[in-house]
Amino acid sequence: MSFLAESLIRWHPLNGRHDLPWQQNRDPYAIWISEIMLQQTQVSTVIPYYQRFLQTFPAVDRLANAPLDDVLALWSGLGYYSRARNLHAAAQRIVQEHQGQFPGSRELIQQLPGIGRSTAAAIAVFAFGQREAILDGNVKRIFARFFGIEGYPGQSKIQKLLWQKAEAALPAGHRGGHIEIYTQALMDLGATVCTRSKPQCGLCPLQPQCLAWQQQRVMQIPAAKPRQPLPRKETVLLLLQHHQRLLLEKRPSDGIWGGLWCPPEMTMGTNIVNYCQQQWGISVQPPVELPALDHQFTHYKLRIYPQLLQVTPNNPAAHPDCIWLKPAEALELGIPAPVRALLKQNFLTGQSSFSPCSEYHG
Ligand code: SF4
């Protein structure tokens, strides 16, 4: 067995994490939910979301049969909403194409929506004990440092090399050579010891053969993503208010915030009063400009200019995919994090409600 695998398997019993909620069983469904939630999100943030999700959807058929709205509402605040839409779509595929049984190999798991090779491998390892290599962001960092691999791991030739190293390092032997312990140890080492900013090499079982440590290049490896300034965009959100209720629209399923509820969006420079008349046949009083809000997506920065508008008629027209809700009621729905912040800042100061984490989007 390689030095790397042997050291990690020996290190884990005393130093790894053993009491995470998803480690308590081998149910592929529960493991899948945890692996998707943990993408780009810290364990402490994920735990309450994971518990609520499994209480509401304890099995794959319950998720498949749920309205997407309910799934997005439970996901609200976790960010990267395409993950929730893919979970829902994948659950339906499992029910329709696999008779409700979670597929039992990495190759089949990887064919489901929203599941990449490393996530499929992690599920195959933890649920079925299969000998598969993982390579998430933390693990890329460990291998890049341990093998002294320069360059940005997102680059395809570096990524290919890292996959080769990951496969070659897999433990061999009876029952995949403790593949579950090895895989969990890699994850735990990346999260707690070989961290991005303050790696604790003095506590690391890989230190004796780690090239980055030997060559004092730990902080140079892996290379950071080549930086390009993020483009900036601007938009207007219309907070149409009628009898203390706000108009929310369901966003189309593709594009940002797909399937979430959101105040209507309008491009900059449009005449608001005319727009409201044409769009919904309603008259509004002149807008009151609320403080602008900045939000960062993975690929661009967005400045939101919220406009508060009082609707004048007694009965604003109903429209499909539109609802009028009090701000506190809106917080119960799947809404984007900046809209949540907007509602809290402007309508609910002093009230407590479910608190989201910061939001990131693909
Ligand atoms: S010795 Fe340091 S850099 Fe090398 S794997 Fe361990 S923690 Fe990471």
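Visitor: Which cavity does the ligand take up?
Guide: This is a predicted model, where local features need pLDDT of at least 70, side-chain atom pairs count only at pLDDT 80 or more, and totals for chains, interfaces and linings use all residues. Residues are numbered from 1 along each chain as its sequence is written, and side-chain values use heavy atoms, with hydrogens and water left out. A cavity is a set of points, on a 1 Å grid over the protein atoms alone, where a 1.4 Å probe fits but cannot get out; a molecule sits there if more than half of its atoms lie within 2 Å of its grid points. The ligand's space is the largest cavity.

Visitor: How much area is buried between domain 1 and domain 2?
Guide: An automatic or database assignment sets the bounds, giving domain 1 (3-133 + 169-192) and domain 2 (232-347). Buried area is the accessible area (1.4 Å probe) lost on putting two parts together, summed over both. Carbon and sulfur atoms give 47% of the total, which is about 740 Å².

Visitor: Which side chain meets Asp69 in a salt bridge?
Guide: The rule asks for a side-chain nitrogen of Lys or Arg within 4 Å of a carboxyl oxygen of Asp or Glu. It finds 1 salt bridge across the interface of domain 1 and domain 2. At 3.1 Å, N to O, the partner of Asp69 is Lys250.

Notes: On a 1 Å grid over the protein atoms alone, a cavity is a set of points where a 1.4 Å probe fits but cannot get out, and a pocket is an open set with protein on both sides within 12 Å along at least five of seven lines; lining residues have an atom within 4 Å of a point.
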